Amino acid sequence: MNTLSRKLVREILEYRGQLFSIAAVVAVGIMTVLTMRGTYESLLLSMEEYYRDARFPQVWSQLERAPESLRRRIERLSGVAVVETRVSFAASLDVEGVEQPALGQFVSIPERGRPRLSELHLETGRYVAPGRRDEVIISQNFAIANAFVPGDTLRAIINGRERELEIVGTAISPEYSYAVPPGALYPDDERFGIVWMSRDALGPAYDMDGAFNEVLLTVAPGALEDHVIKQLDRLLDPYGGLGAYGREDQVSHQILQGELDQNRTMGTAIPAVFLLVAAFLLHLVLGRLIATQRTEIAVLKAFGYTDAEVGRHYLGFALAAVAAGSIVGIGAGIGLGRSMVRLYGDYFDFPTLRYEIGWDLVLIAAGVSLAAAGLGALGAVRRAIRLPPAEAMRPEPPASFKPGAFERLGLGSLLPASGRMILRNVERTPLRSVFSSVGVAFAVAILVIGLFMFDGVDYMMDLQFRVAQREDLALTFNHPLSRSVEHDLTHLKGVTRVEPYRIVPVRLRAGHRERENAILGIEAGTRLRRIVTAGGGTHPLPPEGLLLSAMLAEQLSVGRGDSLQVEVLEGERRTARVAVAGIVEDFMGLAVYMDLDALHALARGERSYTGAWLRVDEPSRAALNRRLKELPAVASVASPAQMLASFEERLAEGLFIGLFFILGFSGVIAIAVIYNGARIALSERGRELASLRVLGFTRREVAVLLLGEQAVTTLIGIPLGMALGYLLAVAVSAGLQTETYRIPLIVSTRTYLAAATVTLLAGVVSGGIVRRRLNRLDLIAVLKTRE
Amino acid sequence: MQRQAAPEASRDIVFRARDVSKMYQMGEVEVHALRSVSLDLYAGELLVILGASGSGKSTFLNILGGLDLPTTGSVRYRDRDLSQADEDDLTLYRRENVGFVFQFYNLIPSLTAAENVALVTDISSDPMAANEALELVGLLDRVDHFPAQLSGGEQQRVAIARAVAKRPDVLLCDEPTGALDLETGRLVLRVIDKVNREIGTTTALITHNAAIAALGDRVIRLSSGEISSEHTNEERASIEEIRW
């Protein structure tokens with residue numbers, strides 16, 4: 001080790017506090033890259049592997065009923081590779097210990113051999129045996145949530161008949177990585193599960209012997225998916241086809257993709273903020289270091305050290321901080337990435353999900369950090385190199401002070417002398433003050449953006465479950481029922497109000513744009529369900545025409561007053577032009593509403609209902625649930641209160657992890673910025689402050705002078721950070737918008753207050769650390785230091 | 001040991017400065033530090049440059065040492081034109097030929113005495129061992145001390161050891177005793193004198209202290225950036241005769 005390196009090592013130890021705080025910022029930056037980006041890459045890899053191994057389909061279509069012979073014709077469509085047909089129905093399950101009926105999505109599997117597409121991955125037990133018509137395989141999460149093991153029995157009401165089924169295995173499938181009950185937004189593993197059953201058993205039960213009501217296929221390499229979908233729709237139309245769709249409309253895939261995109265965005269944006277802050281801090285700290293080493297630089301140069309040697313020496317400080325930060329960041333990032341992936345493992349069932357990280361990502365993360373740090377250090381190092389040695393040998397000219405803007409406005413006299421000193425110091429180094437404030441603002445902004453996500457979800461849930469869905473129970477029927485159902489339900493004990501509704505599957509067309517969707521028909525005067533706007537208000541239901549969700553209107557590129565071609569995908573399958581009577585600015589789903597009478601008129605046929613909302617008398621709830629379980633016509637019973645509870649439970653888990661990260665991240669930044677600012681001010685002004693102490697100033701008074709400057713920049717940084725946080729929230733809200741939901745742009749006062757409080761606390765902690773140093777100030781030694 | 005001053009024409013000229021002027025900006029003030037200074041420095045001689053604070057003597061020394069460039073005029077070091085040299089040439093020049101001693105020692109506080117010397121020997125082609133240089137200044141027992149553990153005189157002697165360890169052609173000393181008392185100052189001057197006599201290093205020594213002038217082969221006096229007098233000592237005084 002040469003002597004210059006020895007100097008470097010000793011001085012790194014001397015400046016360890018400051019370099020440590022920079023290393024912490026770098027570590028967090030790298031950690032976020034490896035955690036979020038690494039999670040993204042691992043999930044993507046696992047997903048692709050899983051999709052390939054399980055032969056995940058590319059196109060789906062549901063239909064009413066088609067003979068098995070149609071499969072040949074589907075296979076002959078151009079661009080179609082592999083076709084699988086199956087029978088799929090929803091049916092109530094009677095799960096012991098669960099009050100409400102659970103819903104099972106029954107999906108047929110071949111009794112002999114394996115499905116051509118959408119292979120099951122068995123987690124426990126075995127595949128159904130040929131000839132054993134009562135054997136089923138259930139989805140793994142449903143099994144876990146209800147403690148089912150192979151050998152247990154399950155009671156189901158299949159096409160109105162109660163059947164006892166034997167569970168022989170549990171499995172996962174890429175189609176249900178994320179198993180969302182119909183009409184819900186997130187999985188409810190206790191009350192919704194997938195039940196795979198032999199086609200030879202399920203088909204006859206639903207009068208689907210030799211027929212199918214669902215087709216899945218893959219597209220031949222090079223063929224266009226859209227083209228295949230169009231042909232398939234045409235072919236299935238006479239068989240009650242509900243419209244084919246690709247992976248991007250497949251619920252489980254859509255949600256998975258949304259999560260992945262979110263990881264990718266966050267894995268890029270958050271580390272960028274950290275590296276920016278690290279670069280800024282390095283610039284600040286190295287700049288100061290170089291200023292204090294003015295004469296040492298001159299000596300090195302006087303003895304013939306070259307600019308490159310001097311530059312490398314000072315870059316060494318940046319390198320040390322980045323190296324330390326990288327090591328910690330890589331270690332912590334890989335560790336956290338592993339737990340993150342494990343956490344996701346509970347959420348998405350992939351057969352193999354492991355945290356796999358390419359060394360290229362590690363190298364990129366460390367390299368970008370180094371580049372950011374180098375960039376931050378470069379300015380300061382350039383100043384060191386450019387300093388002519390003869391000039392460096394001379395003492396720095398005294399800092400020139402002049403009254404700043406504040407005082408020129410004549411407000412100076414309002415402040416005491418100490419206040420004026422603080423202000424002049426802030427104004428004397430405007431760039432540094434601005435940087436410090438911006439650094440603090442970053443910390444605040446990270447807090448705002450982190451907490452804003454919870455605000456948004458909170459608001460959304462509140463609106464959905466407390467304003468829009470006011471029913472106690474939502475029923476869906478196995479098949480459309482006539483008007484008399486309202487009467488029947490009203491007579492159930494405990495039911496105090498019944499409001500039936502009808503859902504009609506349709507294809508909406510506007511010019512060349514089209515979408516499969518469903519119209520929700522609501523009776524005029526319905527009280528249990530309201531159409532809610534993003535602002536929290538309710539939207540009236542127009543007596544005629546369609547009311548579209550704003551996102552859907554945008555996709556179809558229609559506005560109020562335009563008309564849509566509506567193709568009803570049931571009954572007579574008629575097509576009609578219907579006016580868009582209104583657009584509702586909501587933030588969930590792609591809803592289409594219509595007055596029930598208008599919908600009946602549109603769909604023709606008899607006036608029927610597909611479900612009902614109930615208001616329930618609380619004491620009779622348990623008995624009512626039991627009664628509903630037994631009703632063959634009822635396919636599912638959902639309780640918004642329960643949905644909300646299970647969502648909040650899920651949220652609480654995420655909340656803890658999220659808060660931990662956000663508080664940690666912003667705390668690291670805030671402390672690093674404020675602590676470094678104060679340390680630098682102390683080393684610059686130690687002499688001045690010691691002189692004041694000698695003149696009789698108390699420690700407290702001197703501390704006010706020193707930390708006042710940090711307080712001013714912090715106080716400026718906080719509102720700045722709130723504004724920055726809001727802007728980021730706008731960006732995130734737009735960036736994370738998916739087809740099914742968008743995060744409403746609501747930032748609560750609570751969030752702003754929390755962000756400000758945490759930052760202030762970080763400031764107080766940093767100030768406290770520096771104040772301890774200030775109290776130890778050696779008055780004599782400082783006064784003897786040569787300027 | 002005593003040398004006869006040879007006739008000027010036949011003596012080996014190390015530095016040749018002609019009409020050197022220097023102006024620089026100090027904060028908001030413009031300083032005219034040197035006005036048309038012309039001077040030769042001969043091999044092996046000990047030149048004392050006398051002057052009050054602000055007379056331009058440090059500026060002149062910095063220009064000789066390649067730390068600074070004249071605003072106008074020329075300075076040659078043997079075959080090298082220092083006034084036309086670029087930053088890289090000057091760095092190389094200092095690295096190979098010059099040893100500096102400063103008034104405030106300017107040791108690196110984070111390095112020990114031996115390491116401060118090694119800092120320079122690391123980048124020299126034919127240096128002494130650090131310990132040898134420290135022995136020369138009588139500090140062999142202080143090699144592992146940090147600057148903060150050394151007295152002012154000791155620090156200055158480390159600085160001299162650091163300057164001579166590379167066996168420089170010229171030794172430039174800027175007020176080496178300025179911060180020291182008489183006894184310590186003498187100790188330091190004795191070392192400089194010894195290096196000059198024994199190794200034959202051409203030495204320029206700046207001081208505001210007229211008593212030190214008697215030590216040199218030649219004495220020039222600078223005032224307001226101009227040479228106001230030049231004087232050759234018949235015989236260099238011994239350190240013991242000097243008082244201030």
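**Backbone and interface notes**

Student: Where does B:Arg167 lie?
Tutor: In this predicted model, B:Arg167 lies in the chain B loop between α5 (152-164) and β7 (170-174); helices (H or I, at least four residues) and strands (E, at least two) are DSSP runs, numbered from the N terminus. Local features need pLDDT of at least 70, side-chain atom pairs count only at pLDDT 80 or more, and totals for chains, interfaces and linings use all residues. Residues are numbered from 1 along each chain as its sequence is written, chains are lettered from A and ligands numbered from 1 in the order written, and side-chain values use heavy atoms, leaving out hydrogens and water.

Student: And what's the phi of B:Arg167?
Tutor: B:Arg167 is not a glycine, yet its phi is positive, about 55 degrees. Most residues other than glycine have a negative phi. At 39% relative accessibility, B:Arg167 is partly exposed (from 20% to 50%; under 20% is buried, over 50% exposed, with a 1.4 Å probe and protein chains only).

Student: Is A:Ala147 buried or exposed?
Tutor: A:Ala147 is exposed, with a relative accessible area of 60%, and its phi, near 55 degrees, is also positive.

Student: New topic: how many salt bridges between chain A and chain B?
Tutor: There are three, each a side-chain nitrogen of Lys or Arg within 4 Å of a carboxyl oxygen of Asp or Glu. One salt bridge joins the side chains of B:Glu115 and A:Arg10 (2.5 Å, N to O).

Student: Which elements of chain A give two or more residues to the side that touches chain B?
Tutor: They are α1 (3-14), α8 (294-302), α9 (307-347) and α11 (389-393) of chain A.
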